Amino acid sequence: MNTAKTTYVYGPVPSRRLGRSLGVDLVPYKTCSYDCIYCQLGRTTRKTVARKEYAPIGNIIKSVKERLAESVRPDYITLAGSGEPTLHSGLGEIITRLKGITDIPLAVITNGSLLWDHTVRQNLQDADIVLPSLDAGDEVVFELINRPHRSISFSKMVDGITTFVREFHGQVWLEIMLLAEINSTESAIENIAALTRQINPARLQLNSVFRPGAETYATCLSRKRLEEIASFFSGEVDIVSEPIQNNEVISPVPDGNNTAVLSLLERRPCTIADIATGLSLHPTEVVKLIDKLLHDKKVCTTKKGDLLFYKLWRYANNV
């Protein structure tokens, strides 16, 4: 496998919701309309709602074509990455052009904050699956968890997601990130559940913080507690908080070929199993690569519960 770095494409990476996902970054690192306390990439450094062509469309399409030619076929092409993808003004054209070069399903992971904008909703119409987020049932919890751009109110966000679900021809999977002692009390859950009945997505996906987040007080719930919470919701409800297990080994990688690992860690902290699954490497080969990267001070470690994660050295203090 050619692991030369591309600017806009990473993976395939292991996704708890989408299997093996080929990620596509449309905006610069931590350019977002939210500053979520649980974000695995740390604090937002550029909070904005300004839509523009953050990356050249032609370069994005070229990068995807090149990666598809050299990689194992992913389950999804996913517009997500290190910022909010709907901020890219060329989103509609990007989706249309990607659909023209492959039959791999296309997913968009979004915080849902800009779905009140008719143009954004139109841009998303050709996607197969859109995965927005709803982490709160009222304005106070919304401000606490998502720390949105000042122009985004709670009601505006909810109305946008509701309208999008009604108009969209594909599937909407609504993610709810549940945090201990913040939005997981009975009253908080009842508020969120009432809104999900209004929104009426195809699926609900209950999640909790598995990787280290922006704030240490954003802590995870147990699987048992998530199963209890699931009973508050109706329709299709998935619990997606379990870590990915590595059960696919395709080929080893030559010693020193660490570019793909660094590209993956650019987007998210990962365990050894995450890296092995995402890059189709044997875990022992990943350990060799990580040891070299640790020695060279290109990566560092951080713990979440009993799990050890690796992230880029330059983000060592970004917690």
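Predicted model: local features only at pLDDT ≥ 70, side-chain atom pairs only at ≥ 80, totals over all residues.

A residue is called buried under 20% relative accessible area, exposed over 50%, and partly exposed in between, using a 1.4 Å probe and protein chains only.

Residues are numbered from 1 along each chain as its sequence is written, and side-chain values use heavy atoms, with hydrogens and water left out.

Rings of Phe, Tyr and Trp (its six-membered ring) pair if their centres lie within 6.5 Å; planes under 30 degrees apart count as stacked, over 60 as edge-to-face and the rest as tilted. Three aromatic pairs are found by this rule. The pair of Phe142 and Phe154 is tilted, because the ring centres are 5.6 Å apart and the planes stand at 55°. This pair links distant parts of the chain, as Phe142 lies in helix 4 (residues 139-146) and Phe154, twelve residues apart from it, in helix 5 (residues 154-167). Helices here are DSSP runs (H or I, at least four residues), numbered from the N terminus. Phe142 counts as buried at 0% relative accessibility, and Phe154 counts as buried at 10%.

The rings of Phe164 and Phe168 have centres 4.8 Å apart and planes at 25°, so this pair is stacked. Ring pairs also join Tyr34, Phe142 and Phe154 into a cluster.

Conventions
Helix = DSSP H or I, 4+ residues; strand = E, 2+ residues; numbered from the N terminus.
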